[in-house]
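Here is a walk through a two-part model, written for someone who would rather look at residues than read tables. Keep the viewer open and follow along.

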Amino acid sequence: MSADIVLHDITRVFEIRAGAFGDSRLLRAVDGVSVTIPAGTCLGIVGESGCGKSTLARIILGLLPPSSGDVMVDGKRLLDMDRRARARLIQPVFQDPYSSLNPRRRVRDIVGLPLTAQGIGGRGRADRVDEMLARVGLPGTIADRFPAQLSGGQRQRVAIARALVLRPRIVVCDEPTSALDVSVQAQILNLLAELQRDLGLTYVFVSHNLAVVEHICDEVAVMYLGRFVEHAATDDLFRAPTHPYTRALLASVLTPEPGLGVPDVGLGDVPPNPANIPPGCRFHPRCPIAEPACRTTTPDSRRFGSRTVECLLADEAGAGVAGPIAVAATWTE
Amino acid sequence: MRDDVAPLLEVENLRVRFGTQVDAVRGVSLTVRKGETHCLVGESGCGKSVSALAIMGLLTRSAARTADTLRFGGENLIGIKDRALAKLRGDRMAMIFQEPMTSLNPAFTVGSQLAEVLQRHRKATRAQSLERAAELLAKVGISNPGLRLGQFPHQLSGGLRQRVMIAMALMCDPELLIADEPTTALDVTVQAQILRLLLGLQRELGLAILLITHDLGVVARVAHRVSVMYAGEVVESATAPALFAGPTHPYTHGLLACVPVPGQVRRGEPLGSIPGTVPRLAPGLRGCAFRERCAHAVAACADAVPTHYRGPDHPYRCRLSSDWAEARAA
C-alpha cells in the first residue's frame with residue numbers, strides 16, 4: 001500500500017510577545033509549503049536555523065497543527081486520524097539521543113513503550129523488541145541497560161528501534177546525526193539507508209548538513225524563511241544548484257580538500273528573522289546578485305523540468321543563475 | 001614551514017589524569033608557531049579539549065597534570081604561580097569556547113564584559129576599554145558596535161555572540177588564541193564567515209592559533225599543521241597538505257572515509273565508517289588504543305606501539321610501515 005504524503009499549502013504562525021506587556025507580533029515559521037512525497041522515497045529538507053524546518057517536521061508528525069493547509073497521508077487528513085492510528089503510521093527520530101530517551105527506563109521498556117501504548121504486551125511485545133534491537137545492530141545484552149550506560153551512537157540506534165517497532169511506513173528524522181561524531185554519523189546514516197531499502201520506508205529527513213542529505217535523499221527541498229525556495233531531485237540540485245541561496249549553502253560546506261581556503265559566500269552578517277520577513281523576494285537582503293525588482297516583486301514558483309525555484313533571476317534552462325560565488329584565495333601556503 | 005621561527009607554544013609529553021579512573025591525555029606533544037594554525041582533530045572523548053584546558057591551566061583540582069615541557073613565549077608554565085598564570089590568560093594567551101551562550105554572562109551587557117578584560121589586565125579606564133571594545137566589534141564585522149555594546153547576550157544571534165567572544169579574546173592583542181570548536185554550534189554559512197574572520201585576523205596580527213575541532217572539512221581549509229588525536233594520544237601529525245595527501249595511521253584513514261563530500265557521494269553505497277566505539281581510558285592501557293577497531297591489528301599491537309615517519313615531519317604511531325597506505329592508494 002502506498003503512503004504518499006501530500007502537504008497542501010501548509011502555514012504555521014506563532015504569536016510572540018515582547019515582554020509581559022509588549023506588543024504581540026506574528027512569526028510565520030512555515031509560509032505556504034506544498035509538496036508531495038511519494039511512498040518509499042526520502043525527501044531532505046535543508047536550511048539554516050530558524051528557517052522553519054523543524055516546525056514543518058512537527059507538523060508532518062502531527063505534533064503541531066498547521067495554522068492553515070492540510071497534511072494528507074494516503075488521501076486521509078492527518079489531523080482527522082486517531083492518535084494511535086497515526087503512531088502506527090508515522091514515527092520520529094530526533095536529534096539528541098541524550099534528551100529523547102527517558103533516563104530512568106531500561107532500553108527494553110523504551111523500545112517497547114509504543115507497543116504498550118497500542119495494547120500489545122507480554123511475549124509478543126518482548127519478541128518484537130528483541131527483533132528490533134537486533135535489526136538496528138544492537139546486542140541483546142543492551143536491553144537491560146539504562147541510556148546513561150550507552151554511547152551516543154548506541155542511543156541513536158535505540159531511538160531508531162523505538163521508531164520502527166510499530167512498523168510505521170513513514171519516519172521523520174529531525175537532524176538524526178547532528179549530535180554524533182563523524183565515524184558514528186556514518187554508521188547511523190548507513191543503517192537508516194539500509195532500513196529504508198529493506199522495509200520500504202518513506203523518510204522525511206531534516207538537516208542543516210547538505211552533504212548528509214545528499215547521501216540519503218532522493219529529493220531535496222531548500223527552505224528559507226518558511227518557504228521551499230528550491231526543490232529538485234538530489235542529483236540535479238547538487239549538480240546545478242539554481243537558487244542563489246542553494247548555491248551559497250552548497251559553497252559553505254567545507255570539504256576535506258586542503259588548499260581551497262574558506263569561501264566567501266557573500267550572505268552578509270544579518271541573519272534572517274522569521275518575525276520580520278522582507279517584502280519582495282524574502283532572500284533579497286542577503287542575496288549577492290539581487291536586482292531592484294527583487295525588492296518589490298515576490299517571485300512565483302517556477303518550474304524547470306522536475307525542479308521548482310522561487311527566484312526572479314532563474315533562467316529558462318534552470319541551469320543556474322549567473323554569477324559565481326567567490327572562493328577565497330588559498331590560505332595554506 | 002616557518003621552521004625558522006621559534007615555537008610560541010611548546011608542549012611535550014603532556015599527561016592528564018582524573019582521579020584514579022581516567023587517563024584523559026596520555027603524552028601529547030605539539031608546537032604552535034607565530035602566525036601558524038595548528039589543528040587538533042579527533043572525536044569526542046579523545047582528550048583534545050582537556051589538552052587545551054591543561055595548557056591554559058584551567059583544569060579542575062581533581063585533575064593531575066604532568067608534562068616534560070610546557071612553555072609559552074619562553075615562559076615555563078609548569079609550576080607557575082596561579083596569579084602569574086592568571087595574568088597571562090586573557091592577556092597574552094586567550095581562549096574561545098564552543099558555546100558562546102554559556103561562556104558569556106547573561107546578566108551583564110556585552111560592553112561591560114568586553115571592557116572588564118582591559119580594565120583588569122591593562123588597568124585601563126572604563127571609557128578607554130569601551131572605546132577599544134567598540135573598535136574590536138567593528139573589526140570582527142559587527143555593524144553598529146555602539147548599539148551592541150549596550151545589549152545583553154540573549155539579544156544577539158549565535159553568530160554575533162561568537163564574534164563577541166572573538167572580540168573579547170582579542171582585547172589585549174594576544175599572541176596565542178586557543179579556539180575550542182568555535183564554529184560547531186553555528187550554521188554552515190555563519191561558520192564560513194567566522195573562520196574567514198579568524199584567518200583574516202591571523203594574517204593581520206600574526207596570531208598563533210590552536211584550533212580544536214572534530215570537523216575535517218574545517219581542518220583542511222584552515223590548518224597549517226594537523227595533529228590527529230585518539231584516546232588521549234596524538235596518533236599522527238603532519239602539515240595539512242601532507243596529511244590529506246597521505247593519511248597514514250589507519251584511524252586517520254577511517255576518519256577521512258566517514259566524511260560525506262557533496263558531489264562525490266554515491267547514493268545506495270554505504271559511507272565508510274569505523275566500527276565499534278572509543279575505548280575506556282583506564283590507567284594502564286597498553287599498546288595501541290585503536291587496535292580493537294582496526295582492520296590491520298595483529299597480536300603485537302597489544303604491546304608497545306612504535307613511532308614511524310612518513311616524512312621527516314610526519315610521525316605516526318602504528319606498527320605499519322609507511323608504504324601500506326601508498327600500496328593501498330595504488
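Which residues in helix 3 of chain A meet which residues in helix 5 of chain A? Val107(A), Ile110(A), Val111(A) and Pro114(A) of helix 3 meet Val158(A), Ala161(A) and Arg162(A) of helix 5.

## What you're looking at

This is a predicted model, where local features need pLDDT of at least 70 and side-chain atom pairs count only at pLDDT 80 or more, while totals for chains, interfaces and linings use all residues. Residues are numbered from 1 along each chain as its sequence is written, and chains are lettered from A and ligands numbered from 1 in the order in which they are written.

The model scores ipTM 0.83 and pTM 0.87. Chain A has a mean pLDDT of 88, with 92% of its residues at 70 or more; pLDDT is the predictor's confidence in each residue, from 0 to 100. For chain B the average is 89, and 96% of the residues score at least 70. One stretch to treat with care is residues 317-333 of chain A, where pLDDT stays under 50. Where pLDDT is low, the predicted coordinates should not be read in detail.

## Helices inside chain A

Back to that opening pair. Helix 3 (residues 107-117) and helix 5 (residues 152-164) of chain A pack at about 30 degrees with their axes 7 Å apart. (Helices are DSSP runs of H or I, at least four residues, and strands are runs of E, at least two, numbered from the N terminus; axes are lines fitted to C-alpha atoms, for helices over the stretch in contact, with angles from 0 to 180 degrees between N-to-C directions.) That makes helix 3 and helix 5 of chain A roughly parallel to each other, given that angles under 35 degrees count as roughly parallel, over 145 as roughly antiparallel, 65 to 115 as roughly perpendicular and the rest as oblique. By class, the contact of helix 3 with helix 5 of chain A has six nonpolar, no polar and one charged residues. (Ala, Val, Leu, Ile, Met, Phe, Trp, Tyr, Cys and Pro count as nonpolar, Asp, Glu, Lys and Arg as charged, and the others, Gly among them, as polar.)

Helix 1 (residues 53-61) of chain A is largely enclosed by the rest of the structure, because seven of its nine residues are buried. A residue is buried if 20 or more other C-beta atoms lie within 10 Å of its own, exposed if 12 or fewer, and partly exposed in between, with C-beta atoms placed from the backbone. The buried residues of helix 1 of chain A include Lys53(A), Leu56(A) and Ile60(A).

## Where the chains meet

How many residues of chain A are in contact with chain B? The count is 42 residues of chain A with 42 residues of chain B, two residues being in contact if their C-beta atoms, placed from the backbone, lie within 7 Å. On the side of chain A that touches chain B, helix 6 (182-199), helix 7 (210-216) and helix 9 (244-252) each supply at least two residues. Helix 6 of chain A gives the most, with seven residues. By class, that side of chain A has 22 nonpolar, 14 polar and six charged residues.

One packing to zoom in on is helix 9 of chain A with helix 8 of chain B, at an angle of about 55 degrees and with axes 8 Å apart. These two helices are therefore oblique to each other. Ala248(A), Leu249(A) and Ser252(A) of helix 9 of chain A make the contact with Val188(B), Thr189(B), Gln191(B) and Ala192(B) of helix 8 of chain B. The contact residues split into four nonpolar, three polar and no charged.

## Inside chain B

Helix 8 (residues 188-205) of chain B also has a partner within its own chain: the axes of helix 7 (residues 158-170) and helix 8 of chain B come within 10 Å and cross at roughly 15 degrees. Helix 7 and helix 8 of chain B are therefore roughly parallel to each other. Among the residues making this contact are Ile166(B) and Leu170(B) of helix 7 and Ile194(B) and Leu197(B) of helix 8.

Val11(B) sits in strand 1 (residues 7-18) of chain B and is buried, with 23 other C-beta atoms within 10 Å. Leaving aside neighbours within four places in sequence, the contacts of Val11(B) include Val28(B), Leu30(B) and Ile55(B). Gly111(B), in helix 4 (residues 110-122) of chain B, is buried, with 21 other C-beta atoms within 10 Å. Not counting residues up to four places away in sequence, Gly111(B) touches Leu130(B), Ala133(B), Leu149(B) and Gly150(B).
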